[in-house]
Amino acid sequence: MMPMNPSPLISGDPPMLRLDRPWTEIAAEIGLTHEAIYRALAVLERTGRLVRENGVVTLSPGSEAIEDAARKDR
């Protein structure tokens, strides 16, 4: 397993993170399939928890909606 290199945090509110590698590599590093990570990302995006655009992930405050969406995906 390759060591994980932390991506630089971009200052701001809400917090943003610029990715330095594709999601498929991140999935492999943390022991997930690419299908699993993309399903999780879809739930997070659908519930407004994060936005992905041009290699930047913008995080949003939490809500109970994510748990509801995850239950519907099962």
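In what order do the elements of the protein run from the N terminus on? They run β-β-α-α-β-β-α, and together they amount to three helices and four strands. Keep in mind as you look around that this is a predicted model.

Let's begin with the strands. If you look for Met16, you will find Thr58 of E4 standing opposite.

Now turn to the inside of the protein. In soluble globular proteins, nonpolar side chains tend to be buried together. Which residues make up the largest nonpolar core here? There are seven: Trp23, Ile26, Ala27, Ile37, Leu41, Leu50 and Val57. Two elements give two or more residues to this core, namely helix H1 (23-29) and helix H2 (34-46). H1 gives the most, with three residues.

Start with Trp23: leaving aside its neighbours within four places in sequence, Trp23 is in contact with Ile37, Tyr38, Leu41, Arg52 and Val57. Next comes Ile26, which lies in helix H1. Is Ile26 buried or exposed? At 14% relative accessibility, Ile26 counts as buried, because the cut-off for buried is under 20%. Not counting residues up to four places away in sequence, Ile26 touches Leu19, Arg21 and Ile37. Ile26 and Ile37 are 11 residues apart in sequence, and their C-alpha atoms are 8.6 Å apart in space.

Charged side chains have their own pattern of pairs. How many salt bridges does the count come to? The count comes to three. In one of them, the side chains of Asp20 and Arg21 meet, at 2.4 Å from N to O. Asp20 is partly exposed, at 45% relative accessibility, whereas Arg21 is buried, with a relative accessible area of 14%. Arg21 also meets the side chain of Glu29 in a salt bridge, at 3.2 Å from N to O, and Glu29 is buried as well as Arg21. Glu45 forms a salt bridge with Arg52, and the closest N and O atoms are 3.1 Å apart. Glu45 has a relative accessible area of 30% and is therefore partly exposed; Arg52, with 31%, is partly exposed too. Through shared partners, salt bridges join Asp20, Arg21 and Glu29 into one network.

Finally, step back to see the whole protein. Buried residues make up 22% of its 74 residues. The protein exposes about 5,400 Å², and carbon and sulfur atoms supply 58% of that area. Among contacts between residues at least 6 apart in sequence, 35% join residues at least 24 apart.

Definitions and conventions: Residues are numbered from 1 along each chain as its sequence is written. This is a predicted model: local features need pLDDT of at least 70, side-chain atom pairs count only at pLDDT 80 or more; totals for chains, interfaces and linings use all residues. Side-chain values use heavy atoms; hydrogens and water are left out. A nonpolar core is a set of buried Ala, Val, Leu, Ile, Met, Phe, Trp, Tyr and Cys residues joined through side-chain atoms within 4.5 Å. Buried means under 20% relative accessible area, exposed over 50%, partly exposed in between (1.4 Å probe, protein chains only). Contact means heavy atoms within 4.5 Å. Two strands pair if DSSP finds at least two bridges between them. Accessible areas come from the Shrake-Rupley method with a 1.4 Å probe; for residues, only the protein chains shown count as cover. A salt bridge is a side-chain nitrogen of Lys or Arg within 4 Å of a carboxyl oxygen of Asp or Glu.
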